[in-house]
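Let us take a walk through this model together, going from whole chains down to single residues. Keep the viewer open as you read.

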Amino acid sequence: MADRTPAPDTPELRERWGSFEFTADYKAKADKAIARYPEGRQRSAVMPLLDLAQRQVGEETDTQGWLPLPVIEYVARYLDMPVIRVLEVATFYFMYNLKPVGKYHVQVCGTTPCMLRGSDGLFETCKKRGMKKGAVSEDGLWTLTEVECMGNCATAPMVQINDDNYEDLTPERLDTILDALARGEQPKTGTQEPGRHTSEPLGGPTTLKEMVEANHDYRGEW
Amino acid sequence: MPKVTVDGQEIEVPDGATVLQACELAGKEIPRFCYHERLSIAGNCRMCLVEVKPGPPKPQASCALPATEGQEIRTDSQMVKTAREGVMEFLLINHPLDCPICDQGGECDLQDQAVAYGRGGSRYHENKRAVTEKYMGPLIKTIMTRCIHCTRCVRFSEEVAGVDEIGALYRGEDMQITTYLEQAAQHELSANVIDLCPVGALTSRPYAFEARPWELKKTLSIDVSDAVGANIRLDSRGREVMRALPRINDDVNEEWLSDKGRYMVDGLTRRRLDKVWIRKRGKLQQATWEEAFKAIARAKPGKSIAAIAGDLVDCETMFAARKLLGAMGSGLLEGRQTGMDYPADNLAAMAFNSTFAGIETADAILIVGSQVRHEAALVNVRLRKAARRGAKVFVVGPQWETTYPAEFLGEDVSVLGNLPAEVAEVFDKAERPAVIVGAGGLAAGAFEPALALAQGWSREGWNGFNVLHTAAARMGGLMLGYAQKGGMAEVAKAEPKVVLALGADEVDWSAFDKSLKVYIGHHGDKGAHAADIILPGATYAEKDGTYVNTEGRVQFAEKAVFAPGDAREDWTILRALADALGVEVGFDSFAELQSAMIAEVPALGVEGLADLGPLPKAAKGGKGKGGTISYPVADFYLTNPIARASAVMQRCSAELARGEEILEAAE
Amino acid sequence: MKFLAKIFTWWDGATIGTLLHSWRHGEHVGTDAQGNRYYRSRRKSADGRERRWVIYEGANDASRVPSEWHGWLHGAFDDVPESHLPPARIWEADFTPNATGTQGAYLPQGALQRGGRRAAATGDYEAWSPDS
């Protein structure tokens, strides 16, 4: 977390991003987000706008996108609010990248349930492929980040890559997914366990078994 | 009016009061860091925990909890004691133990409350957090490791100053308070965050490692850097004023102080006049008091003597000079150095009649020719409050960066004669419309049309006509008759043989070529360079004095230190000069001088708002006199001789006003 | 001249009487780096103790006795310092006599003899002059 600082304000950064503006497409989305809030409360749209800006930066650089300072300033101007308030938001939430990331932002959950189910192996797998925590790999494809709980504990361990979750992973399954991504394919998202659809119990329900067939009234059995 | 019980004592509290306020009303001390009376409620330090019934069975943050009927509040239970100890232990986890080298030591909320409410020791053995220093400009020194994230500074700059520049970046343990890209805090009230900071994270840079609070002598004084008359406390050690701090006065400055009033005090020890100088063959040479008095007597002024009051002089000095001139048979008194010649026969038309506290309640404000931020930063705070309550603000004059929504109507005074219809409608409908005429407006001849406008919008029980002066001495000077009909031009036309310049540094002296210019003042500034005889006087910190602020509020300042070298309190110089000129002025001591002054101008004897009588009727046909407005304050940090002598103010001017890069000196 | 000084003065080295006494009753034990000569009495006194004394090379200033001989002189040990004390460490500074009252005396930064300026203090002010 300590390395989560905005990329330094250099003349190169200013030159590259100083003229950043929403494209017509993103502008429409941004204005739609702003329109959700009542007149005089446009600042409330700062989070969607930062996300849109990050996505547009991502498109322009063919990566997951990040928020250079000039872009943050642009969002502040767009919403007519002080830059420091926008920067507060951008530095608070982990989903806003303050430094450039690769094409695939591999966010491995390292919180207790995932750790108990083998997230250490997932980190090993990622590191073997040349990923380093908080840095873009040499081929520009990967950025590895360790994140805290993403709310998929029932299907731990899990990895979030860009906007998709991949759950019930083993090192081998993760390897397959990363291979597919490297080839430019879109692997199946969600759980990777064969026969499992979402986060239902493996091997059929263990409680309320009668409810599977029909609406069973348990009250008499209490 | 809910009734609550605090520690068994039943009290009635006003509607909308919080539990913390209820406890204070009951006389209980509630420790707090983030809560501040003049800022919004944040509730993030958790120090004000109390036990409240009915409610969840846990301590509650009293600052953010509204007091309701029938609440039973306990501030002395074991739960509260334990909670406070716990919060304090958490706060101290990451707070460094560097009190011995911390400038806040001795006046630190955390120190005091740790002693009063903390545990004996910490159970925390891990490494403490460290945070890098943030640059916040030449006035604020930061040691951010000491920060406890109360966010008072953030709320101050957002809510009071109206300049969003301080923020809290990152989250959790990594939270850091900083300005955007560590730019200097750029507004006129920035140093108030130093007072607000409950710990030593934000301290005063010029005052760093200078003194400890307990070795300072505190003197109650009045700020003279502008016409607001902010109540200040001068902290002095020995013969030197170490710092100026605001005092609480809800009618004047609340508890804020402009950066200039706070930091120009280091100018009190620089460029000081501490000897008598006489110009001989075009060159100023050191002399004695006797020589100087003889030289003035030799000029044989008779009736041909004038006195020009500067911006910083007190009423006593001006009155002593008036007495002296009166004894000589002259009435050539003038205080408006830059040549303004607005009519000054009616004092009510010269004052800020709505009062500072009153202007907060105005709902439509027309500012005519005043860069309020620079001319009276503390009035700008009030205007911002009014604007936040929904007041519409309009400005006539060149554009400046307001801290509230304001509409600029043009730079020419003639706008006042034909206001746009929608603007006029706002004022016609307003319950409390106010007009503020600044020095720029007065100089451009906006006085008559503005008065006419204000009278057109008069309301029962509300006086909306305000004049915002820029000089601390102005209102007192006008009360003492320091105004000629034609302003400075008339004084120059009279070609007085002797001109007494009472700290007058803004005068164009070329008009007084034939006069013997006697400068009685404290700083070697423009006035001293032009003078023929220099008599060293005392600054506002070095003499007792009465000041009248732009509202017409009479306030007394006390003497904090002695004037340096041969310098004397100004009234003694004028008294001795009377002897040299062989006239009788009728006072031999300061007390006699004061009682003579109060006998002639009774209003100056009573602290508080002076009764200045009713407003005059605006002259007909005063409308539409044109003139482009320009603001008198070119550089906020360098408006008076003390500030111009101050190294801190010069640096502020270079870095903040003119934007020069100043390399940080290696510390 | 030197002979006359020996007779009539007492501040440099030993007087005639002391020299005679040292020659008759004293045993020369050693000499330190400055040339001061250390003696002890050949006969012990009635209570069984020997007397020890020093004859200075130059001014009779007790602070000129270096620390190692100071110990011997005051009976802290009986052997001469060269054999009794461990060899001097390289980080030990050379012995210097008390410099008070001499040219080499320490003067603080602000001392007038050193031509020093006093440090800035509270209440100092910078006076204006017309040329500034």
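A word on conventions comes first: residues are numbered from 1 along each chain as its sequence is written, while chains are lettered from A and ligands numbered from 1 in the order in which they are written. This is a predicted model, in which local features need pLDDT of at least 70 and side-chain atom pairs count only at pLDDT 80 or more, whereas totals for chains, interfaces and linings use all residues.

Start with how the chains meet. Two residues are taken to be in contact if their C-beta atoms, placed from the backbone, lie within 7 Å. Chains A and C have no contact at all, and their closest C-alpha atoms are 40 Å apart. Between chains B and A, 12 residues of chain B are in contact with 12 residues of chain A. Strand β7 (residues 166-169) of chain B supplies the largest share of chain B's side, 4 residues; helices (H or I, at least four residues) and strands (E, at least two) are DSSP runs numbered from the N terminus. By class, that side of chain B holds 6 nonpolar, 2 polar and 4 charged residues. Here Ala, Val, Leu, Ile, Met, Phe, Trp, Tyr, Cys and Pro count as nonpolar, Asp, Glu, Lys and Arg as charged, and the others, Gly among them, as polar. Where chains C and B meet, 9 residues of chain C are in contact with 16 residues of chain B, and the chain C side divides into 4 nonpolar, 3 polar and 2 charged residues.

Now look at chain A by itself. It has 8 helices and 5 strands, which run α-α-α-α-α-β-α-α-β-β-β-α-β from the N terminus on. Its C-alpha trace spans about 70 × 45 × 30 Å along the principal axes. Of the 222 residues in chain A, 31% are buried; a residue is buried if 20 or more other C-beta atoms lie within 10 Å of its own, exposed if 12 or fewer, and partly exposed in between, with C-beta atoms placed from the backbone.

UniProt, in an unreviewed entry, lists residues 79-118 of chain B as "domain: 4Fe-4S His(Cys)3-ligated-type"; UniProt positions are given in the numbering used here, feature names are shortened, and annotations may be inferred rather than shown by experiment. Over residues 79-118 of chain B the chain is 60% helix and 0% strand, with its end C-alpha atoms 14 Å apart. T82(B) is found in helix α2 (residues 78-93) of chain B. T82(B) is partly exposed, with 13 other C-beta atoms within 10 Å.

Strands β11 (residues 231-237) and β12 of chain B pair in the antiparallel sense over 6 bridges; two strands pair if DSSP finds at least two bridges between them. They form a hairpin with 2 residues between the strands, and G238(B) in the turn has a positive phi of about 60°. Within this pairing, D235(B) has R243(B) in β12(B) as its bridge partner. In strand β12 (residues 240-246) of chain B, 7 of the 7 residues are buried, so the strand is largely enclosed by the rest of the structure.

Further along chain B, find an open sheet of 7 strands with mixed pairing, in the order β14-β13-β24-β23-β22-β15-β16. Strands β14 (283-287) and β16 (332-334) of chain B stand at the edges with a single partner strand each, so one side of each is left without a neighbour in the sheet. Strand β15 (residues 305-309) of chain B runs parallel to β16(B), joined by 3 bridges, and I308(B) has E334(B) in β16(B) as its bridge partner. Helix α8 (residues 315-328) of chain B packs on the sheet, touching β15, β16 and β22 (498-502) of chain B.

Finally, turn to the interior. A nonpolar core is a set of buried Ala, Val, Leu, Ile, Met, Phe, Trp, Tyr and Cys residues joined through C-beta atoms within 7 Å. The largest has 238 residues, of which V75(A), I365(B), A501(B), L502(B) and V518(B) touch the most other members. Helix α8(B) gives the most to this core, with 8 residues. A second, separate core of 21 residues includes V106(A), W142(A), M158(A) and L169(A).

Conventions: Axes are lines fitted to C-alpha atoms, for helices over the stretch in contact, and angles run from 0 to 180 degrees between N-to-C directions.
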